Amino acid sequence: MIFMCTYQVDRDKQADTQAFFASMSAEQIAGEFPSGVNMIGRWHDVPNGNGWIVVEASDQEALTSWIMGWSGQCTFPTVTPVVDDATARKLVNAMLTAQQ
């Protein structure tokens, strides 16, 4: 499943968390995700300490494991399952057909 997650860095930990993130190597970022979680993209609102990440997760346990890795620095107020255009069209068409 694909999830869009929002994050909010704890205000009192923002400088340290951003410094930690900025110093991460490509290998550390690749290793940040447990087996079963793959990052699709991540976007940041740096001054306000929040952002969005889209991940594909094989199951909820893998996704929760990744979130828990950041729980000392930030919260994830929204974790929403999302679909791509093709899947959305398929779901809407099935709904419309069922309503006829």
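Visitor: What makes a residue count as a contact of Val83, leaving aside its neighbours within four places in sequence?

Guide: Heavy atoms within 4.5 Å is the test. In this predicted model, Ala88 and Leu91 are the residues that Val83 touches once those neighbours are set aside. Val83 itself is in the loop between E4 and helix H4 (85-99).

Visitor: Why is Val83 called partly exposed?

Guide: Its relative accessible area is 47%. Buried would need a value under 20% and exposed one over 50%, so a residue in between is partly exposed. That's where Val83 lands.

Visitor: And what is the distance between Val83 and Gln73 in space?

Guide: C-alpha to C-alpha, you get 28 Å, for two residues that are 10 apart in sequence.

Visitor: Let's move to Thr6. What makes Thr6 buried rather than partly exposed?

Guide: Thr6 has a relative accessible area of 15%, and the cut-off for buried is under 20%. Thr6 therefore counts as buried. You'll find it in strand E1 (residues 2-9). Beyond its neighbours within four places in sequence, its contacts are Gly51, Trp52, Thr75, Phe76, Pro77 and Thr78.

Visitor: On to the rings. How many aromatic pairs are there in the whole structure?

Guide: The search turns up 3 of them. Take Phe20 and Trp70: their ring centres are 6.0 Å apart, with the planes at 70 degrees.

Visitor: Why is the pair of Phe20 and Trp70 called edge-to-face?

Guide: Ring centres have to lie within 6.5 Å to pair, and planes over 60 degrees apart count as edge-to-face. With 6.0 Å and 70 degrees, Phe20 and Trp70 pass both tests, so edge-to-face is the label.

Visitor: What makes you say that this pair ties together separate parts of the chain?

Guide: Phe20 belongs to helix H1 (residues 14-22), while Trp70 sits in the loop between helix H3 (60-69) and strand E4 (74-82), so the pair links parts that are 50 residues apart in sequence.

Visitor: Are those two residues buried or exposed?

Guide: Phe20 is partly exposed at 44% relative accessible area. Trp70 has 9%, and under 20% is what buried asks for, so Trp70 counts as buried.

Visitor: Zooming out, what is the order of the elements from the N terminus on?

Guide: The run is β-α-α-β-β-α-β-α, made of 4 helices and 4 strands.

Visitor: How do you know how the protein stands against a compact globule of 100 residues?

Guide: Such a globule would have a radius of gyration near 13 Å, but the protein has 16 Å. Its C-alpha trace spans about 55 × 30 × 20 Å along the principal axes.

Visitor: What share of the protein is buried?

Guide: Of its 100 residues, 27% are buried. The accessible surface comes to about 6,600 Å², and carbon and sulfur atoms hold 58% of that.

Terms used
Residues numbered from 1 in each chain as written. Predicted model: local features only at pLDDT ≥ 70, side-chain atom pairs only at ≥ 80, totals over all residues. Heavy atoms only, no water. Helix = DSSP H or I, 4+ residues; strand = E, 2+ residues; numbered from the N terminus. Rg over C-alpha atoms; globule rule 2.2 N^0.38 Å. Buried < 20%, exposed > 50% of the residue type's maximum accessible area, 1.4 Å probe, protein only. Areas by Shrake-Rupley, 256 points an atom, 1.4 Å probe, with all protein chains shown as cover. Phe/Tyr/Trp six-rings, centres within 6.5 Å; stacked < 30°, edge-to-face > 60°.
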